[in-house]
Amino acid sequence: MDVSFLGGPQPQRGVGVVAPFDFALDRELWRWVPDEVSLHLTRTPFVPVEVSLDLARLVSEHETLHEAVRALCAIAPEVVAYACTSGSFVGGVAGERAMCAAMTQAGEMPSLTTSGALLGALREIGARRIAVVTPYTKSVTDSLEEYLGEAGITVTGRAYLGLTRHIWKVPYRDVVDMARQAVVGAADALFISCTNLPTYDVIPQLEAELRMPVLSANQVTMWAALRAIGERAVGPYQALLDPAARRGPAGMAGMDHLVGPVGPVVIPSAPLVDPAPSLPLPEPEAALAGPPQGPDGDPGEGLDPAFGSGTGDGPYLDESGGAPPAM
């Protein structure tokens with residue numbers, strides 16, 4: 001069969017991504033990317049260190065970044081994004097800028113980081129006071145708050161899980177629980193940190209419930225990288241990506257009619273698991289549920305039993321590290 005009339009594949013624009021060696025969410029990054037753009041990922045070398053400030057420093061060393069960006073140069077992406085939140089905030093604002101400069105020098109192309117993209121996204125929606133959710137330990141969460149403070153952003157509340165590994169296995173339900181606990185005071189927006197924490201499907205659910213923009217590490221990274229080459233990220237019901245979904249400084253637009261006497265209506269997003277045609281769609285709450293548990297409350301296969309439910313001893317809500325009251 002002669003298929004020469006097809007003319008070959010359509011031209012693709014390239015976005016290079018440098019990720020830590022333990023990054024496990026390649027597919028989530030792709031969900032924000034339009035069809036005409038390809039992602040080209042490379043990873044930093046393995047080091048036998050758990051998630052910590054030490055690891056953040058190791059995976060963001062300029063020599064490491066230089067080698068990763070040089071590897072990407074062979075396929076000539078138009079922009080390079082460093083997809084790691086802790087690795088890009090651990091050195092403060094000056095450290096993040098130096099990382100961008102080092103990557104730009106190595107590849108002679110525009111470069112950005114997740115933490116720098118976060119500041120750009122906060123400016124985009126006009127947010128100066130934010131709630132923060134992280135899977136990190138207290139020390140790493142403290143470092144994020146210091147970075148934000150240096151940039152003029154106030155953290156109004158926070159919750160963290162205290163994890164040092166297997167962050168990609170945390171279920172959406174735990175992210176939702178932390179978000180509800182962290183949003184206290186007059187927050188303009190919520191930020192969910194860590195590029196290894198799944199967030200794509202939970203963003204519209206939280207925006208509908210909390211009535212504020214919700215940003216996540218992978219979302220702002222893809223938003224900034226695609227914007228740098230004149231493309232738009234794809235994400236339904238996400239305020240950062242759709243100006244029509246905002247109202248005023250860091251507000252939500254077009255949501256008032258969705259609030260009835262019993263509270264906010266949850267806007268449906270794509271189901272987390274494609275249901276069989278003959279089966280009903282899951283209820284919104286079920287769509288946010290974590291992995292199945294056994295009769296004794298043991299975690300299902302979605303999480304590593306080595307750390308129980310996947311949430312360490314947290315979430316922790318404040319500087320004291322105290323756990324929240326029983327629900």
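This is a predicted model: local features need pLDDT of at least 70, side-chain atom pairs count only at pLDDT 80 or more; totals for chains, interfaces and linings use all residues.
Biologist: How many helices and strands does the protein chain have?

Modeller: The secondary structure comes to 11 helices and 10 strands. Of the 327 residues of the chain, 51% count as buried.

Biologist: Why is His 166 called buried?

Modeller: The term buried requires under 20% relative accessible area. His 166 has 18% relative accessibility, so it counts as buried. This residue lies in the loop between strand 6 and helix 8 (172–182).

Biologist: What makes the phi of His 166 worth noting?

Modeller: Most residues other than glycine have a negative phi. The phi of His 166 is near 55°, a positive value in a residue other than glycine. Cys 194 also has a positive phi, of about 90°, although it is not a glycine.

Biologist: Is Cys 194 buried or exposed, and how do you know?

Modeller: Buried means under 20%, whereas exposed means over 50%. Cys 194 stands at 9% relative accessibility and therefore counts as buried. Its place is in the loop between strand 7 and helix 9 (202–210).

Biologist: What makes strand 1 (residues 13–19) a mostly covered strand?

Modeller: Six of the seven residues of strand 1 are buried. In strand 3 (residues 79–82), Val 79 and Ala 81 point one way and Val 80 and Tyr 82 the other way, and all are buried.

Biologist: How do you know that strand 1 pairs with strand 2 (residues 37–43) and with strand 3?

Modeller: Two strands pair if there are at least two bridges between them. Strand 1 and strand 2 have seven bridges, in the parallel sense, and Gly 16 stands opposite His 40 in strand 2. Strand 1 and strand 3 have four bridges, also in the parallel sense, and here Val 15 stands opposite Val 79. Each pair therefore meets the requirement of at least two bridges.

Biologist: What joins strand 3 to strand 4 (residues 111–113)?

Modeller: Three bridges join these strands, which run parallel. The bridge partner of Val 80 is Ser 111 in strand 4.

Biologist: Why are strand 6 (154–160) and strand 8 (214–216) said to stand at the edges?

Modeller: Four strands form an open sheet in the order 6-5-7-8, with parallel pairing. Strand 6 and strand 8 each have a single partner strand, so one side of each is left without a neighbour in the sheet. The twist averages 20° from one strand to the next.

Biologist: What makes strand 7 (residues 189–192) a partner of strand 8?

Modeller: At least two bridges are needed for a pair, and three join strand 7 to strand 8. Leu 190 stands opposite Val 214 in strand 8. Helix 6 (residues 114–125) packs on the sheet, touching strand 5 (129–134), strand 7 and strand 8. Helix 10 (residues 217–228) lies across strand 7 and strand 8, running at about 80° to strand 8.

Biologist: How do you know where empty space is left?

Modeller: Rolling a probe the size of a water molecule over the atoms shows it. A search of the whole structure finds one cavity of 30 Å³ or more. The largest cavity has a volume of about 170 Å³. Of the 16 residues that line it, the closest to its centre are Pro 20, Asp 22, Cys 84, Ser 86 and Cys 194.

Biologist: Which classes of residue make up this lining?

Modeller: The lining of the largest cavity has 10 nonpolar, five polar and one charged residues.

Notes. Residues are numbered from 1 along each chain as its sequence is written. Side-chain values use heavy atoms; hydrogens and water are left out. Axes are lines fitted to C-alpha atoms, for helices over the stretch in contact, and angles run from 0 to 180 degrees between N-to-C directions. Contact means heavy atoms within 4.5 Å. On a 1 Å grid over the protein atoms alone, a cavity is a set of points where a 1.4 Å probe fits but cannot get out, and a pocket is an open set with protein on both sides within 12 Å along at least five of seven lines; lining residues have an atom within 4 Å of a point. Grid points are joined across faces, edges and corners, and a volume is the space filled by probe spheres set on the points. Ala, Val, Leu, Ile, Met, Phe, Trp, Tyr, Cys and Pro count as nonpolar, Asp, Glu, Lys and Arg as charged, and the others, Gly among them, as polar. Buried means under 20% relative accessible area, exposed over 50%, partly exposed in between (1.4 Å probe, protein chains only).
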